[in-house]
Amino acid sequence: MALTDLSSLDFIRIIRLKHAAELLQEGELRINEICDRVEFQSPSYFAKVFQKQFKVTPMEFAQQNKQRMAYS
């Protein structure tokens, strides 16, 4: 894609990961359910690409969000 310097697949993957992050912030679904919802076939691959994008695992992201919510 000319505007982002990303391939189409990378761009779509980032959109799916951002949606997963939103679902993790809502805190209503388990990580495996989120993995399915954003259409990643493998939970381990999902965790790997999520960590690459956000610098934390999905579990750490969810825990950090719970801590933030507790302090607000």
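Start by selecting Phe40, Tyr45, Phe46, Phe50, Phe54 and Phe61: together they form one aromatic cluster. Keep in mind that you're looking at a predicted model. Count up the ring pairs and you get six aromatic pairs.

Now zoom in on Phe40 and Tyr45. Their rings make a tilted pair, 5.9 Å centre to centre, with 45° between the planes. Is Phe40 buried or exposed? Phe40 has 4% relative accessibility, so it counts as buried. Tyr45 is partly exposed, with a relative accessible area of 35%.

Next, pick Phe54 and Phe61. This pair is tilted too, with 5.7 Å between the centres and 55° between the planes. Phe61 is buried at 11% relative accessibility, while Phe54 is partly exposed at 25%.

Arg16 lies over the face of the Phe40 ring, 4.1 Å from the ring centre.

Time for the helices: show α1 (residues 8-26) and α3 (residues 43-54) as cartoons. They pack at an angle of about 90°, and their axes are 10 Å apart. An angle from 65 to 115 degrees counts as roughly perpendicular, so that is how α1 and α3 sit relative to each other.

Which residues make the contact? On α1, select Arg13, Ile14, Leu17, Lys18, Ala20, Ala21 and Leu24. On α3, select Tyr45, Phe46, Val49, Phe50, Gln53 and Phe54. Colour them by class and you'll find ten nonpolar, one polar and two charged residues in this contact.

How values were computed:
Residues numbered from 1 in each chain as written. Predicted model: local features only at pLDDT ≥ 70, side-chain atom pairs only at ≥ 80, totals over all residues. Heavy atoms only, no water. Axes fitted to C-alpha atoms, helices over the stretch in contact; angles between N-to-C directions. Helix = DSSP H or I, 4+ residues; strand = E, 2+ residues; numbered from the N terminus. Parallel < 35°, antiparallel > 145°, perpendicular 65-115°, else oblique. Contact = heavy atoms within 4.5 Å. Nonpolar A, V, L, I, M, F, W, Y, C, P; charged D, E, K, R; others polar. Phe/Tyr/Trp six-rings, centres within 6.5 Å; stacked < 30°, edge-to-face > 60°. Buried < 20%, exposed > 50% of the residue type's maximum accessible area, 1.4 Å probe, protein only. Lys NZ or Arg CZ within 6 Å of the ring centre and 35° of its normal.
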